[in-house]
Amino acid sequence: MSELVTGEAVALELRPAKLPSRGLAVLLDLAAAVTVYILVTLGLVAATASLDEAARTAVTIATFVLVLVGGPILVETLTHGRSLGKLACGLRVVRDDGGPIRFRHALVRGLLGVIEILMTFGVVACVASLVSARGRRLGDVFAGTLVVRERIPAAVQGAFVPPPPPWLAGRFSGLDLSAVPDGLWLAVRQYLTRMRQLDPQVGWSMAERLASDVAGRTGAPVPPGVPPAMYLAAVLQERQTREAQRTFGGGGAPTAPAPAPSAAPYPAGVGQPVLPPPAVPAAPVSPAAPPVGPPASSEAAERPSTGFAPPA
């Protein structure tokens, strides 16, 4: 089973799709597109019967371009990489860093797909996919995308990405993250998912190097006293929040609270500062409730239980 490996020698949990599953997905997409094209053409033939030959030819070409070229581009853009065939085969198109694709990615894939798939009957796409180590065709190479499998066993699914501490959440909302390349985001994400599997000293040095790279790209240094792993988790969460806002609009997609890992999410590294736990204010001690009723006098305490006073 092939895996993607980052520059930090960390394995990526996304599994690239193989040629047979991709071919089946393409055939399903083509069948759906050709069916729509035939139905639309039959309707246009009846509607343009009164036009001359040149007008009918122009309408036919426009229909071919819109349905067989523009249709897949629109579908992949709206579904973020899930076409009908890919949905049936459990595949999805993602960016090189694992994020959702946008219109420009779908546009490049669709335009080159006309040459690779339609004009050459898929020969160029098959050869390119067999040559590529990740099974990518030319459209994926130029668009910076990858077709991955979504339906994988639970045992090989992605590791837990620890969230930042609550006191760091939202602290980096003003950072400019546009200069950080996708490859660096991928390295940060995969370090956070695998940092507990690394040697503490190696993991600490890797976190410092990644935090230094991210800080150099954003122009803001790591705050004093903040461990680099927590800094990376906070910045990555801010980036994911912005991606969700761009994808779903408004305040982003609602997310469920992250499950608590079985162990501490941030292993203690060599030289890692130990942050004191947050001070919990002591609960005020309420005074004892006063006794209900009038205070008992000393004379009443000496009275017998019968309630009758002895004769004088």
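Predicted model: local features only at pLDDT ≥ 70, side-chain atom pairs only at ≥ 80, totals over all residues.
Residues are numbered from 1 along each chain as its sequence is written, and side-chain values use heavy atoms, with hydrogens and water left out.

The chain contains 10 helices and five strands, taken from DSSP runs (H or I, at least four residues, for helices; E, at least two, for strands) and numbered from the N terminus. Of its 312 residues, 34% are buried, where buried means under 20% relative accessible area, exposed over 50%, and partly exposed in between (1.4 Å probe, protein chains only). Contacts (heavy atoms within 4.5 Å) between residues at least 6 apart in sequence join residues at least 24 apart in 72% of cases.

The second largest pocket has a volume of about 780 Å³. On a 1 Å grid over the protein atoms alone, a pocket is an open set of points where a 1.4 Å probe fits, with protein on both sides within 12 Å along at least five of seven lines; lining residues have an atom within 4 Å of a point. The volume is the space filled by probe spheres set on the points, which are joined across faces, edges and corners. The lining comprises 38 residues, of which Val26, Asp29, Leu30, Lys86 and Ile117 are the closest to the centre. At least two lining residues come from each of α1 (19–47), α2 (53–78), α3 (84–89), α4 (103–119) and α5 (123–131), and α1 provides the largest share, 11 residues. By type, the lining holds 25 nonpolar, seven polar and six charged residues; Ala, Val, Leu, Ile, Met, Phe, Trp, Tyr, Cys and Pro count as nonpolar, Asp, Glu, Lys and Arg as charged, and the others, Gly among them, as polar.

Within α5, Ala125, Ala128 and Ser129 are buried. These residues lie on the same side of α5 because they cover an arc of only 100° around the axis, the arc being that of the directions from the helix axis to the C-beta atoms. Their cover includes α1, α4 and α6 (138–143).

His80 is found in the loop between α2 and α3 and is partly exposed, with a relative accessible area of 22%. Phe121, in the loop between α4 and α5, is exposed, with a relative accessible area of 75%.
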